[in-house]
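Dear colleague,

I am passing on a structure that you have not worked with before, and below it I set out what was found in it. Please read the notes alongside the sequence and the model.

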Amino acid sequence: MTVRVPAKVNLQLSVGPRRDDGYHDLVNVFHAVSLFDEVTATDVTTPAEDAMAAVAADDGTVTGETTPPSAATGTATPSGAMITVSVEGDPAGQVPLDGENLAVKAAVALAARAGRPVRAHLAIRKAIPVAGGMAGGSADAAAALIACDELWALRLDRRELMDIAADLGSDVPFALFGGTAVGTGRGEKLAPVPVTGEFHWVFALAEGGLSTAKVYGECDRLREAAGEPVAWPRADDALMAALAAGDVKALGAALVNDLQPAALALCDPLARTLAAGRDSGALGALVSGSGPTCAFLAESEAHAAGLATALRAAGVCREAVTARGPVPGAVIVPA
Ligand code: C5P
């Protein structure tokens, strides 16, 4: 059971005051783009899983053998479920291979609904940058929900899946939802946004990653230092009009990310990356979510390809990739 799931870029990320629970109320205009991870859920026994099963009886959570290019770890749950995971396409080994992996957490949460012991091996193929501000971990969690729901024939309704998704993380519901949507609350309450046509993007991938919690923390710190009151966030009319009309120039001018100053403060080189994209003719340039990926809006597919070449030549990123949006959320890949 394979599920394909897109990355997101935030077209508007307006961050309100910090709430008592540590989260921030947002107006978050999500846009799903054609950079995809794939999660395959199987109930086959892998050799690593065999090795782990014996240990799992003792302490619940176990670590399996590392088998390049993928590694596997098993998490046994109180309901008797056994979840293992392997990851391809993460050369720096940044994706956790234990119960901290958000896709494993998703499968464990779903297993609790099964009412019988279930098992799954999750094979994740990554193309979405890890810790890049494009919700890659959230995407994998959403994909794992859909894949395990199907594998275990649970057939939960959409509402139940969305509720489990929201418990897993603020960006997980959108990875199920897809398209273009406005997220309020901490980003989990979604409503679709009307869009005409499609938009072409370039994403400049950075060397390392940024912790979302750290970037929000830095945003709070900068705001406190500035001493200005934090406005209640609201959807930007110019952005909504640009999307409805399919007006790419107006969209480029309306892109906004309140987390950008914090991401730039934590990662100096990003200012140069953004400037290089603007100098090369991008219609809009901003840090994607909490960064460090930078997003550039192009006029056409050909313009995006040219921009990507210019960014690579400028030596301001690890890689530059093109994508289009909006695209649908997590979907099962036909066998
Ligand atoms: O919801 P998620 O686990 O993805 O959030 C990661 C971190 O990002 C949170 O622990 C919090 O520090 C920050 N965050 C926030 N306000 C939001 C969403 C996330 O402060 N609306």
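How many residues of domain 1 are in contact with domain 2, and how many residues of domain 2 do they touch? The contact involves 30 residues of domain 1 and 34 residues of domain 2, where two residues are in contact if their C-beta atoms, placed from the backbone, lie within 7 Å.

Before going further, please note that this is a predicted model, in which local features need pLDDT of at least 70 and side-chain atom pairs count only at pLDDT 80 or more, while totals for chains, interfaces and linings use all residues. Residues are numbered from 1 along each chain as its sequence is written.

The two domains

The protein chain is assigned to domain 1 (2–47 + 63–184) and domain 2 (199–325), with bounds that come from an automatic or database domain assignment. Their C-alpha centres lie 24 Å apart. On the side of domain 1 that touches domain 2, the elements that give two or more residues are strand S1 (2–18), strand S2 and strand S7 (180–184); helices (H or I, at least four residues) and strands (E, at least two) are DSSP runs, numbered from the N terminus. The residues on that side of domain 1 divide into 17 nonpolar, 11 polar and two charged, where Ala, Val, Leu, Ile, Met, Phe, Trp, Tyr, Cys and Pro count as nonpolar, Asp, Glu, Lys and Arg as charged, and the others, Gly among them, as polar.

Lys8 is found in strand S1.

The sheet and its helices

An open sheet of four strands has the order S11-S12-S9-S13, with antiparallel pairing, two strands being paired if DSSP finds at least two bridges between them. Strand S11 (284–287) and strand S13 (319–325) stand at the edges with a single partner strand each, so one side of each is left without a neighbour in the sheet. The twist averages 25° from one strand to the next, with axes being lines fitted to C-alpha atoms, for helices over the stretch in contact, and angles running from 0 to 180 degrees between N-to-C directions.

Strand S9 (residues 199–205) pairs with S13 in the antiparallel sense over seven bridges, and Ala204 has Ala320 in S13 as its bridge partner. Helix H10 (residues 270–279) lies across S9, S11 and strand S12 (294–298), at about 5° to S12, while helix H11 (residues 301–314) lies across S9, S12 and S13, at about 15° to S9.
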